[in-house]
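Please keep the model open while reading.

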Amino acid sequence: MVHALEEIRRLLKPGGCLIDIHPIREAKLIKVHHGNKILFAEPDPSYCGEDIKKAEEALAQVIQCGLFITERDDQFDLPIYASSVAELQDFFAEIEAYDDSPKDETVEARMMELFTRVGEIMKTTGNEVEVAYHERARITRLNPNPRQ
Amino acid sequence: MTVRTDPENNEPRALFALADFNDRRVLEIGCGDGRLTWHYADKAAHVTAIDPFEESITRAKENTPDNLKSRVEFRHIGFDDFATASESSIFDIAILSWSL
């Protein structure tokens with residue numbers, strides 16, 4: 001990761017900038033919305049912040065060694081809405097097709113149990129109900145340090 | 001209904017608050033299917049958007065609006081290979097899009 005950041009620094013023109021966007025280190029939420037009401041919200045049992053921790057350490061390292069200077073950062077919510085659990089599961093299956101990390105069966109079972117409960121809540125609530133996957137992200141502008 | 005990602009446009013709003021894309025040469029690393037790219041590409045001088053996953057890049061190319069085809073280049077390539085083959089000092093903005 002540090003090498004990639006060094007290479008990005010090389011590719012940038014003088015006066016250029018790097019914008020990094022990555023999720024913050026807190027569990028994502030699975031929610032059920034009915035209009036403006038939130039009927040259900042629980043953390044995603046599959047969340048593991050290890051990759052995010054490594055990314056943050058790499059960023060901290062290039063800042064500490066003076067390669068980049070943090071100019072500004074902010075946070076924002078990135079919700080994903082679906083009209084059914086099946087629709088949301090299909091969406092995740094497409095994303096996870098790229099993920100070759102080993103699956104934890106216990107976590108998978110907890111995820112299925114959570115989706116079953118969400119599906120039941122949606123079925124009993126009726127129309128205009130949505131399931132949402134709620135993620136929060138940090139966006140940072142980093143400027144190359146002209147002294148390096 | 002299809003799955004809706006960030007219908008409130010929180011991500012592009014946060015992006016535009018941090019960088020001016022007008023006439024800039026942009027590198028987006030981890031562009032996926034171009035979800036974020038479409039928001040700023042019409043302002044940029046040129047966008048090189050890369051992703052190691054072929055299916056995402058294929059979808060991004062298929063969905064490129066006609067008015068952006070001349071200024072957005074989607075490439076199926078990992079960052080290490082891209083960087084190795086690239087000269088120095090060629091981009092005004094690099095975006096690490098959920099990919100560090």
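Predicted model: local features only at pLDDT ≥ 70, side-chain atom pairs only at ≥ 80, totals over all residues.

## A covered strand in chain B

S3(B) is covered on both faces: His46(B), Thr48(B) and Ile50(B) are buried on one side, and Val47(B), Ala49(B) and Asp51(B) are buried on the other. Buried means under 20% relative accessible area, exposed over 50%, and partly exposed in between (1.4 Å probe, protein chains only). Strands (E, at least two residues) and helices (H or I, at least four) are DSSP runs, numbered from the N terminus. In a regular strand, side chains alternate between the two faces of the sheet.

Residues are numbered from 1 along each chain as its sequence is written, chains are lettered from A and ligands numbered from 1 in the order in which they are written, and side-chain values use heavy atoms, without hydrogens and water.

## Strand partners

Two strands pair if DSSP finds at least two bridges between them. S2 (residues 25-29) of chain B pairs with S3(B) in the parallel sense over 5 bridges. Val26(B) has Val47(B) as its bridge partner in S3(B). S3(B) also runs parallel to S4 (residues 72-76) of chain B, joined by 5 bridges. There, Ala49(B) has Phe74(B) as its bridge partner.

## Positive phi

| Residue | Phi | Relative accessibility |
|---|---|---|
| Glu128(A) | near 55 degrees | 68%, exposed |
| Trp98(B) | near 55 degrees | 25%, partly exposed |

Glu128(A) lies in the loop between H4 (105-125) and S5 (129-144) of chain A. Trp98(B) sits in the segment after S5 (91-97) of chain B.
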